[in-house]
Amino acid sequence: MANKIEVIKGDITKVTVDAIVNAANSSLMGGGGVDGAIHRAGGPEILEECKMIVARQGGCKTGEAVITTGGRLPAKFVIHTVGPVWHGGHNGESEKLANCYKNALSVAVENNCKTIAFPNISTGVYGFPKDKAAIIAVNTVTEVLGLETSIDKVIFVCFDEENYQLIKEQIAVH
Ligand code: AR6
């Protein structure tokens, strides 16, 4: 399974894969961080599809995932998931973060995506400790790859050096 997981340092909006994952918020109306970067680079089509999803189901709950076009991005799709806000760790944060990875990958499989890139969900504005988040991210993706044989590659795209090193360490453990 480990040979299907990669880590790179960089900007997820530049990565050519079937789907990139967005660390969104439950409004699905865009924001700062990676969410802002994805909407800026992908163009207005992504927000248009988010609006249709909101009209249909009223946003996206923490831990859940929805899919839109990739618009002008090199990726075909954007899978929007909503990470938990860190409140000290006794609020189900770890389980919610694991659900983000699980549900994003299920949506990817349902849409025949074989290559998927993830940012470090919740480790920016939402304040999830990066070391804990890296363990959950790599453990969860490894588990799913053991079950979902249709996925060829999962790439962690880390924007900062600390996340890059932490994810690299976790991949080495598996
Ligand atoms: N490519 C890859 N990773 C990035 C990029 C990029 N272009 N830009 C930032 N990151 P954050 P969150 C990394 O704050 O903590 C938004 O406003 C960043 O270094 O984007 O889940 C949403 O609308 C960090 O490691 O997401 C929500 O309101 C990681 O992406 C809220 O922030 C996540 O940081 C979500 O907060």
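I looked up Tyr 101 and Phe 118 and found both buried, where buried means under 20% relative accessible area, exposed over 50% and partly exposed in between, with a 1.4 Å probe and protein chains only.

Before going on I note that this is a predicted model, in which local features need pLDDT of at least 70, side-chain atom pairs count only at pLDDT 80 or more, and totals for chains, interfaces and linings use all residues. Residues are numbered from 1 along each chain as its sequence is written, and side-chain values use heavy atoms, with hydrogens and water left out.

I searched the whole structure and got four aromatic pairs. Rings of Phe, Tyr and Trp (its six-membered ring) pair if their centres lie within 6.5 Å; planes under 30 degrees apart count as stacked, over 60 as edge-to-face and the rest as tilted. The ring centres of Tyr 101 and Phe 118 lie 4.7 Å apart with planes at 40°, so I logged this pair as tilted. It links distant parts of the chain, 17 residues apart: Tyr 101 sits in helix α3 (residues 93-110) and Phe 118 in strand β5 (residues 115-118). Helices (H or I, at least four residues) and strands (E, at least two) are DSSP runs, numbered from the N terminus. With Phe 156, Tyr 101 and Phe 118 form one aromatic cluster.

I checked residues 77-82 and found five of the six buried. Strand β2 (residues 19-24) runs parallel to β4, joined by six bridges; strands pair if DSSP finds at least two bridges between them. Strand β3 (residues 65-69) runs antiparallel to β4, with five bridges. Val 78 in β4 stands opposite Ile 20 and also opposite Thr 68.
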